[in-house]
Amino acid sequence: MGHNHQHGHDHSHGANKKALMLSFIIITGYMVIEVIGGFLTNSLALLSDAGHMLSDSISLGIGLLAFTLGEKVANYSKTFGYKRFEILAAVFNGVTLILIALFIFYEAYQRFSNPPEVASTGMLIIGFIGLLINILVAWILLRNGDTEENLNLRAAFLHVIGDMLGSVGAVVAAILIMFFNWGWADPLASVIVAILVLVSGWRVTKDAVHVLMEGTPNNIELSEIIKTIKNVGGVKSIHDLHVWSITSGQNAFSCHAVIDKNLSIIESQKLLREIEHQLEHQGIGHSVIQLESEDHFHEDSILCKNQNHSISHLQHNH
């Protein structure tokens, strides 16, 4: 069971990396074109879309770096390896997005009061190609990557979707300027993009900080896990329970389980295997369970209340 799970993880890891690499090359290339186009046509909507693409490109680049670093094996100074780097990357991403959004708001405010001339035909063409590029990249990420479970890849995917909407905004604004000469359509489109950027930046930052704070993973139902363990025959009670994520899709768990004092060592080992097996079905791949017999158990609170309690009870196995 454990082996298959690991194999599945490795496979999706490789596919995620490939999808990110391809997307990174396409997005970065087009972003350069969009920046030049934005300056030449004097369009803030294009520039804000390019700003969003820059954050995409940074996000994909950092995602790639995170996957590469995450492959470095665990060592004595980093016993979990470098997998947490993905989460740090996601925080950096989220914050970058928020800053870009604030900058676009400021620029748009200046433009509403004084709309400049915009070369709308050029803006339309560049915006439209940008839209096609984003659709292509979103498709690559969806088809080849794990955008559900992997926080890093999800961040990149959200960026690209926001980008796609940004390109739609630029196209619509260009059409409005061409047909109705509505100069304000350009800063308006950029404000809409900025709101999208802000929302996705806030989401990604919040999720990543939750992981850094060792929060309970979103896909784990704690009450279910407690029930599962307590239902295993021979388990009297559990305490000192912790569940956290090492990185996206890799959850860890530790707890102390008080077991029937009449169980032999072989029986308690079987019981331990049973608990681990049940936990794997609940999405926890890495579990540490401390068994204690009834006469030696020290505390009856499921979550650890006293942070400084002595380590001595660790010796009281079975």
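Q: With axes taken as lines fitted to C-alpha atoms (for helices, over the stretch in contact) and angles running from 0 to 180 degrees between N-to-C directions, at roughly what angle do the axes of H2 and H6 cross?
A: This is a predicted model, in which local features need pLDDT of at least 70 and side-chain atom pairs pLDDT 80 or more, while totals for chains, interfaces and linings use all residues. Residues are numbered from 1 along each chain as its sequence is written, and side-chain values use heavy atoms, with hydrogens and water left out. Helices (H or I, at least four residues) and strands (E, at least two) are DSSP runs numbered from the N terminus. The axes of H2 and H6 come within 7 Å of each other, and their crossing angle is roughly 20°.

Q: How is H3 oriented relative to H6, roughly parallel or roughly antiparallel?
A: Helix H3, residues 85-113, and helix H6, residues 185-212, have axes that come within 7 Å and cross at roughly 160°. That angle makes the orientation of H3 relative to H6 roughly antiparallel.

Q: Is Ser57 buried or exposed?
A: Ser57 sits in helix H2, which spans residues 44-70, and, once neighbours within four places in sequence are set aside, it is in contact with Phe24, Ile27 and Thr28. Its relative accessible area is 6%, and because buried means under 20%, exposed over 50% and partly exposed in between (1.4 Å probe, protein chains only), Ser57 is buried.

Q: What distance separates the C-alpha atoms of Leu141 and Lys17?
A: Leu141 belongs to helix H4, residues 120-144, and is buried, with a relative accessible area of 0%. Not counting residues up to four places away in sequence, it touches Ala19, Leu20, Ser23, Thr147, Leu153, Ala156, Phe157 and Val160. Lys17 is 124 residues away from Leu141 along the chain, yet their C-alpha atoms are separated by 9.9 Å.

Q: Which are the edge strands of the open sheet?
A: The sheet has three strands in the order S1-S2-S3, with mixed pairing. Strands pair if DSSP finds at least two bridges between them, and the edge strands, each pairing on one side only, are S1 and S3.

Q: Which residue of S3 stands opposite Cys255?
A: Strand S2, residues 250-259, runs parallel to S3 and is joined to it by eight bridges. Helix H8, residues 265-281, lies across S1, S2 and S3, and runs at about 145° to S3. In S3, the residue opposite Cys255 is Ile289.

How values were computed
Angles under 35 degrees count as roughly parallel, over 145 as roughly antiparallel, 65 to 115 as roughly perpendicular and the rest as oblique. Contact means heavy atoms within 4.5 Å.
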